[in-house]
Amino acid sequence: MLVTGAGRGIGAAVARLAAARGHDLLLTWRGGEDAAQATAAACREAGAAVELVQADAGDAVATARAFAALDRRFGRLDALVANAGITGPASDFLASTDETWAEVFRVNVLGLASACRHAAARMATGRGGQGGGIVAVSSRAAQIGSAFEFVHYAASKGAVDSLVLGLARELAGEGIRVNAVAPGMIDTDIHASAGIPERIDRIVPNIPLRRMGTPEEVAETILFLLSPASAYVTGAVLPVGGGR
Ligand code: NAD
């Protein structure tokens, strides 16, 4: 299994759960080497073979390098979790800049598409692969729009949902299922990075389950979408948002 952005948060939780369930892992990270090393160590402790590669998910050359490392170490790929993502700075639309839009789309959309292309080329039965599963980490923001703060982010995740729907149809004949999870408010450092921590206090009372989700709860859903238990599910964007 290849997990992008596995240093911390949801990606790290996916890596740890996958290791506990017997998957070997190629993990990519950007920023925070100590956290990435800690995730890798925990996965090895659980018995997984782990390759850790520093790679900016939005950099096509770095992505190709990560997949080449995967080929050398494991020689095959059965699952991709395209998790790496950024919100960009909070800003209403009129104050947002082209630079913010370009950076958020570079990582969240172009980078994710590139990872899916590399993964599908290795999994496709028509190219000698054995099929597999792809799960993209989208966001409930895609359906909500995140007006006044993160329209740039919501729009990038809308593109992810659309990509998943198209790839699910295009790759079904190659033995590849493609799905997404759409997390709501999950308790990770992404909110502090976005620079408006009070946003959590504002939103949580409006979540029907009245709490943030945990990275582990999202990881469980992702592992379900990659398991035989979901063999007839493809093209789904599954909300993991406590009812919001
Ligand atoms: P996080 O900031 O804790 O983790 C994001 C991870 O992605 C980090 O390890 C970071 O280093 C990595 N990353 C960011 N940009 C990268 C890049 N260019 N190349 C490689 N790695 C990169 O946040 P998280 O909450 O764990 O977010 C993971 C995914 O979940 C993201 O796609 C995010 O949009 C999505 N998501 C999160 C929430 C939430 O509430 N936490 C809600 C909806 C969607």
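**Ligand shell and parallel sheet**

Q: Which element gives the most to the shell around the ligand?
A: This is a predicted model, where local features need pLDDT of at least 70, side-chain atom pairs count only at pLDDT 80 or more, and totals for chains, interfaces and linings use all residues. Residues are numbered from 1 along each chain as its sequence is written. Helices (H or I, at least four residues) and strands (E, at least two) are DSSP runs, numbered from the N terminus. With three residues, the top contributor to the shell is H1.

Q: How many residues surround the ligand?
A: A residue is near a molecule or strand if its C-beta atom, placed from the backbone, lies within 6 Å of it. The closest ones are Gly5, Gly9, Ala57, Gly85 and Ile190. The shell's total comes to 29 residues.

Q: Which residue of E2 is the bridge partner of Leu2?
A: E1 runs parallel to E2, over two bridges. On its E4 (residues 79–82) side, E1 (residues 2–3) also has two parallel bridges, and there Leu2 sits opposite Leu80. In E2, its partner is Leu26.

Q: Is E2 largely enclosed or exposed?
A: A residue is buried if 20 or more other C-beta atoms lie within 10 Å of its own, exposed if 12 or fewer, and partly exposed in between, with C-beta atoms placed from the backbone. One face of E2 has Leu25, Leu27 and Trp29, the other Leu26 and Thr28, and all are buried. Five of five residues are buried, so E2 is largely enclosed.

Q: Where is the kink in H4 centred?
A: The expected span of a helix is 1.5 Å times one less than its number of residues, so the 26 residues of H4 (residues 98–123) should span 38 Å, which agrees with the 36 Å between its end C-alpha atoms. The bend at a residue is the angle between axes fitted to the seven residues ending there and the seven starting there. H4 kinks by about 40°, centred on Arg106.

Terms used:
Two strands pair if DSSP finds at least two bridges between them.
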